[in-house]
Amino acid sequence: MITLLTIGQTPREDLMKAFHLGGVDELQLIGALDDVSQEKINWLANQPGEEKLYVVLKNGMANINHQLIEQKIEKLIKEYEKSSDAIAVLCMSEFECTSDQTPIIYPVQEMKEAVAGIQSDDTTVIFVPIKEQLKSAQVKWSNVKGKKYFAAVHPKSPAVLDEIEKEIEFYQANHIIMDCYGYDYELVAKIENKYPCSCHNVQHLVVQRVKKVKHD
């Protein structure tokens, strides 16, 4: 069994879709905030912090302090590590939680490996979900070569594709990095069929990593 952890609440059919399309089964999805009341979530959202994480809830969305989310992810890893073949944390933030019981799949690590081949004469646009992450994204992707531009485009925006295409055309991008797990799996084909660029979507990367774990 592969355990998937989302930093918000379940159900999340939008997250499961990528695995279904990728032909992966025997999965369970657990939310870090599944057992948290709306009142407590409102309190969490008002806590200060340098890095805010965008989370999807049963009844809306919220931006919550990274450290508070990491504490909940660490607890879930300890709870499910013995019963899981692997645990994938479906968030592009950088967490320090580890396990000596089972492999932990962190999407940001998968993405960093995937974009390591970007060259110094390339142009890359890096998309984050909220403007509060623009500053931290510059640090996160500082090792990416070439020209880099950053844009905040919410993955749940009704015009998400139009907003992404606008940035691609403006900067004439060779590469796109989607720095949020919520960017839809099917955006890749829509973008790459229209523009001569490589679209790096972490949902694709995690599906491939999970398939490898199951095969091994």
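Author: A residue is called buried if its relative accessible area is under 20%, exposed if that area is over 50%, and partly exposed in between. The model discussed here is predicted.

Reader: Is C180 buried or exposed?
Author: The cut-off for a buried residue is under 20%. C180 has a relative accessibility of 10%, so C180 counts as buried.

Reader: Why is the sulfur of C180 too far for a bond with the closest cysteine sulfur?
Author: A disulfide is a covalent bond between the sulfur atoms of two cysteines. To count as one here, the two sulfur atoms must be within 2.5 Å. The closest cysteine sulfur to that of C180 belongs to C91, and it is too far for a bond because the distance is 7.5 Å.

Reader: Which cysteine has the closest sulfur to that of C199?
Author: C199 is also a buried residue, with a relative accessible area of 8%. Its sulfur is 6.4 Å from the closest cysteine sulfur, which is too far for a bond; that sulfur is in C197.

Reader: How many disulfides does the structure hold?
Author: The cysteine pair C180 and C91 is too far apart for a bond, at 7.5 Å between the sulfurs. The pair C199 and C197 is too far apart as well, at 6.4 Å. For the structure, the number of disulfides is zero.

Reader: In which sense do β1 and β2 pair?
Author: Strands of a sheet pair through backbone hydrogen bonds, either parallel or antiparallel. Strand β1 covers residues 2-6, and five bridges link it to β2. The sense of the pairing is parallel.

Reader: What handedness does the β-α-β unit of β1, α1 and β2 have?
Author: The unit runs from β1 over helix α1, residues 13-21, to β2. With the strands pointing away from the viewer, a clockwise path over the helix is called right-handed. The unit made by β1, α1 and β2 is right-handed.

Reader: How many of the five residues of β2 are buried?
Author: Strand β2 spans residues 27-31. It is largely enclosed by the rest of the structure, because the buried residues among its five number four.

Reader: Where is the cis peptide bond that has an omega of about 5°?
Author: One of its two residues, P11, is in the loop between β1 and α1. With omega at about 5°, the cis bond joins T10 and P11.

Reader: What is the phi of E26, which is not a glycine?
Author: E26 sits in the loop between α1 and β2. Its relative accessible area is 51%, so E26 is exposed. Although E26 is not a glycine, its phi is positive, at about 55°.

Reader: Is Q172 buried or exposed?
Author: Q172 belongs to the loop between α6 (160-171) and β9 (175-178). It has a positive phi of about 50° without being a glycine. With a relative accessible area of 58%, Q172 is exposed.

Reader: Which residues is K214 in contact with, leaving aside neighbours within four places in sequence?
Author: K214 is part of helix α8, residues 202-215. It counts as partly exposed, at 36% relative accessibility. Beyond its sequence neighbours within four places, K214 is in contact with I2, V24, D25 and E26.

Reader: How many Å separate the C-alpha atoms of K214 and D14?
Author: Along the chain, K214 and D14 are 200 residues apart.

Reader: Which backbone oxygen lies 2.7 Å from a polar atom of the side chain of S84?
Author: S84 is found in the loop between α3 (66-80) and β5. Its relative accessible area is 7%, so S84 is buried. Its contacts include M1, T3, Q28 and T102. The backbone oxygen at 2.7 Å is that of Y80.

Reader: Which backbone nitrogen lies 3.3 Å from a polar atom of the side chain of T102?
Author: T102 lies in the loop between β5 (86-89) and β6 (104-105). T102 counts as buried, at 6% relative accessibility. Residues touched by T102 include E81, S84 and D85. The backbone nitrogen at 3.3 Å is that of A86.

Reader: What is the bridge partner of V125 in β8?
Author: Strand β7, residues 123-128, pairs with β8 in the parallel sense over six bridges. Within β8, the bridge partner of V125 is Y149.

Technical notes:
Residues numbered from 1 in each chain as written. Predicted model: local features only at pLDDT ≥ 70, side-chain atom pairs only at ≥ 80, totals over all residues. Heavy atoms only, no water. Buried < 20%, exposed > 50% of the residue type's maximum accessible area, 1.4 Å probe, protein only. Polar contact = N/O pair within 3.5 Å; in protein donor to acceptor, adjacent residues only side chain to side chain. Contact = heavy atoms within 4.5 Å. Pairing = 2+ DSSP bridges.
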